[in-house]
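Please consult the sequence and the model shown below.

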Amino acid sequence: MTAVLKFQNLTLGYDRHPAVHHLQAEIAEGSLTAIVGPNGAGKSTLLKGVTGTLTPLEGRITFGALGRDDIAYLPQQSDIDRSFPISVLDLVAMGLWREIGPFGRLHPQQRGRVADAISAVGLTGFEGRPIGSLSGGQMQRALFARVLLQDAQLVLLDEPFTAIDVRTTADLLGVVRRWHREGRTVLAVLHDFEAVREYFPDTMMLARELVAHGPTADVLTAENQFRARSMAEAPDTDAEICVRNAA
Amino acid sequence: MIWDAVIQPFADFGFMRRALLGCIAISIGASPVGVFLMLRRMSLTGDAMAHAILPGAAVGYLFAGLSLGAMTIGGMIAGMTVALLSGFVTRMTALREDASLAAFYLISLALGVLIVSTRSSNVDLMHVLFGTVLALDDAALILLCSLASLSAFTLALLFRPLVLECADPQFLRSVSGLSAVTHFSFLALVVISLVGSFQALGTLMAVGIMILPAAAARFWATGIGGLIVAAIVVAILASLSGLLLSYHYSLPSGPAIILVAGLAYVLSLVFGPVGGLIVRALPRHHFET
């Protein structure tokens, strides 16, 4: 099994305060991995490191054969201006950016793929609606459709099911399964252990440093969860100076 | 009657025709930029940039007298400098864009007033501040139309990245390296539009023809295309009526045009079908599901 992503002694953080510490791990190609851990454990930070938004304070991330275009990233929703007058169709179609770029037009065949993606997430009939009129769940469906069109080898999802109802979650988990079947590598930050147990073969547990990584059943043990909680509750004040750097 | 009031002034006087042509060019070039300023919640940025171009125009005036070419180039340089500096400070330090822009435009404005006042009479200062739409010569008109064309063309070129940069900047950054290019090109577009309009309307009034039609358009259209078309229509109608008012009642033309645009905004606010006050007040039955 080849590794599509390697974290080598990776430390990521903001303003010299590390949020992820000395992470050493490999993500296998085609794996479906959940990233779990308490709030502030560095899960979103890790994804931002993979997308290149954050540069490592120390250590590195190496990609197998992947380039920037092979990564699709679905952040937590806050950055989208929902009041902007753009339709669902236009939002989803932007998933084809890699093919159409800033100037290209949509060919009929590509229009067909956009329609397929919209139907795959159950939003058919909503194409012309402005994104401001969508509910939280519908918006998340639209964003999944956009990721579908990005056709990426590595899919990063940051808390995709937070504040999303059961039915929408189930539908979208179906999409995640489809990516897995198609051989894509998926990394998803999740809080719902039930969903993780049911859908995700692998799990990585973080609490600023790696707690455990491997088959989900081995990782989601009571003992690991207890360890993660106590590590995350340790005060943040000593985070600035890292003793192990000297060693 | 209508002939006398509306057509006659333009038929009889070349300066009125020139003024109208100049205003139409400004409307087409600047109002769409105003729509994006509004959608990006940067309406006041336009105002700040309008003040920022003053020292450049003043330096141009200092070297070449009341030459539009020199003042345009100077204004462009001053505007771009402020845009780049504030963009740079925003991206490199903890200061937010509004604060860094405010700091630079205030410095720029003070510098501009200082330069203008050392060399010229108040009349010249008034020209720069309030414009001379009724005195556009051939060179000014050509310059104005060129800048409007440049602005419209650049906006068309930037359209998709710009929409994405407004709606979902994080996504644009994740799929393309165009985010910073788009942001700075858009600021350049704002400067170009302002410099184009300040010949005619003055630095203080130039921003009015960008923002007021855009704000009015918000009450008539929902999509981006509709907003742009509505803004251009409002701007052209305001220019036409403003010029006629200024002709018939001997009013200064710049403020007259902007006041009509302001009136159009107030009327849209009240009567506009998209979220206007009357529509909101009317009881509406919701659809059966």
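## Sheet of chain A

In β9(A), A:E209 is the bridge partner of A:A207. Strand β8 (residues 202-207) of chain A pairs with β9(A) in the antiparallel sense over six bridges; strands pair if DSSP finds at least two bridges between them, and strands (E, at least two residues) and helices (H or I, at least four) are DSSP runs numbered from the N terminus.

The model is predicted: local features need pLDDT of at least 70 and side-chain atom pairs pLDDT 80 or more, while totals for chains, interfaces and linings use all residues. Residues are numbered from 1 along each chain as its sequence is written, chains are lettered from A and ligands numbered from 1 in written order, and side-chain values use heavy atoms, without hydrogens or water.

Six strands of chain A form an open sheet of mixed pairing, in the order β5-β6-β7-β3-β8-β9. Its edge strands are β5 and β9 (209-215) of chain A, each pairing on one side only.

## Second largest cavity

A cavity is a set of points on a 1 Å grid over the protein atoms alone where a 1.4 Å probe fits but cannot get out; lining residues have an atom within 4 Å of a point. The second largest cavity holds about 60 Å³ of space, a volume being the space filled by probe spheres set on the points, which are joined across faces, edges and corners. Its lining includes B:A25, B:L144 and B:S197. Helices α2 (14-39), α8 (138-167) and α10 (178-201) of chain B each give two or more residues to this lining.

Conventions. On a 1 Å grid over the protein atoms alone, a cavity is a set of points where a 1.4 Å probe fits but cannot get out, and a pocket is an open set with protein on both sides within 12 Å along at least five of seven lines; lining residues have an atom within 4 Å of a point.
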